[in-house]
Amino acid sequence: MKKSQEHKYSASSNLFYLYKGMWKENPKNIISITLRAAADMLLPLLSSGIVAVIIAIVSQENGWQNYRILFGISLLATVICMILSETMGNYENAAGNVFRVINMMKVSKMTLHIPFHKLEQPENIKKIEKAGETVNNPSGAFQKGFTVLYNFLRDIVGLLLYGYLVGSIHPAIISIIILFSIVMYYHSLGTNKIAESSRKKQAPLTKKTNYLVNYTGEFKAAKDMRLYHMEPWFEEEFQKTYDSRFLLMKKVFQRKFQGTALSGVFSLIRDGLAYWILVNQVIDGSLSVASFSFYFGIIASISQWTNGLLTDLADFRYMSGEIQDFREFSDLEFLTNRGTRNSVELKLPIEIEFQNVCYRYAGAEEDTIHNLNLKIFPGEKVGLVGINGAGKSTIIKLLCGLYEPTSGEILINGISQLQFTEESYYDLFSAVFQDYFELPITIEETIKQSVSIHSEAYSNVLARSGIKEELRKFPHDDQTKLVKRVHTDAVDLSGGQKQKLQLARALYKNAPILILDEPTAALDPIAENEVYLSYNAIAKDKTSIFISHRLSSTRFCDRIVYLENGMIVEQGTHVELLEQKGKYAEMYSVQSQYYQEEWEGKKNEQCPISQ
Ligand SMILES: Nc1ncnc2c1ncn2[C@@H]1O[C@H](COP(=O)(O)OP(=O)(O)OP(=O)(O)O)[C@@H](O)[C@H]1O
C-alpha cells in the first residue's frame with residue numbers, strides 16, 4: 001500500500017521520473033529522440049561543410065580530385081540525417097500522444113480505486129484535478145516531454161561542438177559565448193519563476209472557466225438560469241476570469257519579450273565579433289576562403305543552440321511542476337487495504353452490529369456520529385428516522401464501508417468489516433441512495449450491471465420495482481439507452497422513473513443486505529403504496545435498513561430507530577414508539593395531523609356532484 005505523504009520532489013527527480021516512464025513504456029522512445037537530436041544537430045554543420053568543400057573544389061586546381069570523397073561522404077551524411085530527422089520526428093509525435101493517453105487512462109483507473117472518504121477531501125480533489133489537467137494537456141509534460149528532451153540533447157551537444165569549433169578561431173569568442181550564456185541563464189531563471197507562479201495562479205482560473213463553460217451548456221441548469229436571470233452573473237464571471245488570466249499571461253509575455261530582445265543584442269555582438277575576426281583572418285591570409293565559409297555558416301547556429309538551451313531549461317522547469325502534481329496524485333492512498341475474508345463465507349441472513357462507533361468528517365470540529373451502539377438482527381427490517389442532518393446517511397455510508405469509523409467498529413456476523421476484502425464487502429449490499437449516477441447504457445444493462453442472472457429473475461425484478469409499466473413508454477423498451485448527451489435517441493427519465501430503475505438494479509443484485517435511503521421520495525402515491533405493500537416480499541430473507549422522512553412508510557419495519565445529532569434517542573416498533581409519546585410520536589403526529597385535518601374537512605364537505 002502506498003503511504004499518503006506530502007513529498008516535494010526535486011526538479012531532477014521529476015524529470016528522471018518522466019523519462020524513466022517513457023523508457024519503460026518503450027525504449028524506442030528515447031532512442032528515436034537521441035537519433036533525431038544528433039541528426040538535426042549535425043545538419044547545419046554538414047551544409048556549411050558542403051559549401052566549404054564546393055568552394056575548395058572550384059577555387060583549387062585538381063580540387064575535384066582532392067575533395068570528391070569528402071564531398072560524397074558529406075552529401076550522404078546529409079541525406080541520412082534528413083531521413084532520420086523526418087522519420088524520427090513523425091514517430092516522436094505519435095509516441096508522445098500515445099504516452100499521454102496511457103497516462104490519462106492511468107489517472108482514471110487510479111481515481112476509481114481511491115477510497116470513497118478520501119475522494120471527497122478538498123486537498124485530494126485538488127490533486128486529482130491537477131493530475132487530470134497534466135495528462136489532458138497536449139502541450140503538457142507527458143506529450144511535450146518528448147520534444148523538450150529532443151531539443152535539449154540537440155542544443156547542448158550543438159553548443160558544445162559548435163562552441164568548440166567557433167572558439168578555436170579566437171579565445172575571445174568562446175569567452176563571450178560563456179559570458180552571454182550565463183547572463184541569459186540567470187535571466188531565464190527569473191522568467192521561469194514568473195511563469196511558474198503564473199501557472200499556479202492560473203490553475204483555479206482554468207477550473208473556474210471550465211465550470212462556467214460547462215454550466216452554460218448544461219441543460220439541467222438552463223431552466224434556473226432563465227427563470228432567475230442568472231445570465232449576468234455568468235457574463236460577469238467570464239469577464240473577471242478572462243481579465244485575471246490576461247494580466248497573468250501579460251506578465252510572462254513581457255518577461256519573455258525582454259529575454260528575446262536581450263538574446264538578440266547578445267547574438268549581434270557575439271556574431272559580429274566572430275565575423276570581424278574571420279574577415280581579418282582572411283585578409284591577412286591566415287584563413288582560406290573555404291574555411292571562412294565553413295565558420296561563417298556555423299556561427300549562425302550558435303545563437304540557435306544557446307537560445308534553444310534556455311528555452312529547454314524553462315520547459316524542463318515548467319514540466320517538473322506538472323510532474324510534481326502528477327506524483328502528488330500518485331502518492332495518494334489507492335487501496336483501503338482491507339483484509340482477506342470473503343463475504344460468500346457468511347451465514348445468511350446477516351447480523352449487523354455497530355459497536356461504540358464514532359465518526360468525524362475530515363476538517364469537522366465535532367463528531368457527526370457519537371458512540372453508536374446498534375444491533376440489527378438477522379433478517380430484521382430496521383427503519384432509521386430523524387430530522388435533517390441527524391446522521392442517517394452517514395450511518396449507511398459507514399455500514400457500506402464507504403467511510404471507516406473514526407473509532408469503534410462495525411461487525412458483520414460478529415466479524416469486523418475491515419477483515420473483508422473491499423470487493424467482497426461491497427457485494428453484501430444492494431442499495432438505493434438519494435442521489436443516482438447514470439451511465440450511457442441501456443435500461444437492461446443499467447439493471448444488470450456486471451451481474452448475470454437468469455431471465456426469470458430479471459422479469460420479476462422489472463415487475464416488483466414498478467419499472468415494467470414505464471418501459472412501454474420508451475421507444476425501445478428495456479433496450480432504450482440513457483443519457484441524452486451521449487446518445488441522441490436516449491430518454492430522459494423522470495425522478496420517479498429513476499427511483500424505480502434504482503430499485504430494480506438493487507433488487508437484481510439480490511445482495512443479503514438491502515438499504516433503501518428515501519426510496520419513495522420521488523414516487524407518486526400509488527407507486528409509493530405499491531413499494532410499501534411489496535416491501536415485505538422485497539426484503540424477504542434479507543437484513544434491511546429503510547430510511548424515510550415519511551413515517552407512514554417506516555411503520556412497516558420490525559423496529560424503528562429514531563436518531564438525533566448522530567445518537568439513538570428512541571427505538572421500538574411503531575406502536576411502542578407512539579405509546580412512549582416521545583420525539584417519534586411528536587414527529588408522527590405533526591405529519592399525520594395535516595392528512596387527518598384534510599380528511600376530516602373532506603368528510604364535512606358536500607360532494608359537488610351530488611348537489
Ligand atoms: N461530506 C461531509 N463533510 C462534512 N460534513 C458532512 C458531510 N456529509 C454530511 N455532513 C454533515 O453530517 C451531518 C449528518 O449528515 P447526514 O447526511 O448523515 O444526515 P441525514 O440524517 O441523512 O440528513 P437528511 O435527512 O437531510 O438526508 C450533517 O450535519 C451534515 O452537514
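Let us begin with helix 9, residues 231-283, which has 53 residues and reaches 75 Å from its first C-alpha to its last, close to the 78 Å expected at 1.5 Å a residue. That expected span is 1.5 Å times one less than the number of residues in the helix. Helices here are DSSP runs of H or I with at least four residues, strands are runs of E with at least two, and both are numbered from the N terminus. Helix 9 is followed by G285, whose phi is positive, near 85°.

Before going on, a word on the ground rules. This is a predicted model, in which local features need pLDDT of at least 70 and side-chain atom pairs count only at pLDDT 80 or more, while totals for chains, interfaces and linings use all residues. Residues are numbered from 1 along each chain as its sequence is written, and side-chain values use heavy atoms, with hydrogens and water left out.

Now step back to the whole protein, which has 20 helices and 10 strands. Its C-alpha trace spans about 125 × 55 × 50 Å along the principal axes. The radius of gyration is 36 Å, whereas a compact globule of 611 residues would have one near 25 Å; the radius is taken over C-alpha atoms, and the globule rule is 2.2 Å times the number of residues to the power 0.38. Of the 611 residues, 45% are buried. Buried means under 20% relative accessible area, exposed means over 50%, and partly exposed lies in between, with a 1.4 Å probe and protein chains only. Among contacts with a separation of 6 or more, 76% are between residues 24 or more positions apart, where contact means heavy atoms within 4.5 Å.

The accessible surface comes to about 33,100 Å², and 59% of it belongs to carbon and sulfur atoms. These areas come from the Shrake-Rupley method with a 1.4 Å probe; for residues, only the protein chains shown count as cover. As for charge, the mean positions of the 64 positive and 67 negative charges are 5 Å apart.

The peptide bond from L348 to P349 is cis, with omega near -10°.

Further on, K500 sits in helix 16, residues 495-509. K500 counts as buried because its relative accessible area is 10%. Leaving aside neighbours within four places in sequence, K500 is in contact with S465, G466, I467, E470, L523 and A527.

Strand 7, residues 513-517, holds L514. With a relative accessibility of 1%, L514 is buried too. L514 and I538 are 24 residues apart in sequence, and their C-alpha atoms are 8.9 Å apart in space.

Finally, visit two loops with backbone angles worth checking. D541 lies between helix 17 (525-538) and strand 8 (543-547). D541 is not a glycine, yet it has a positive phi of about 65°. Its relative accessibility is 61%, so D541 counts as exposed. N565 is in the loop between strand 9 (559-564) and strand 10 (567-572). N565, also a residue other than glycine, has a positive phi near 50°. N565 is exposed, with a relative accessible area of 53%.

Terms used: Lys and Arg count as positive and Asp and Glu as negative; His and the chain ends are not counted. The place of a charge is taken as NZ of Lys, CZ of Arg, CG of Asp or CD of Glu.
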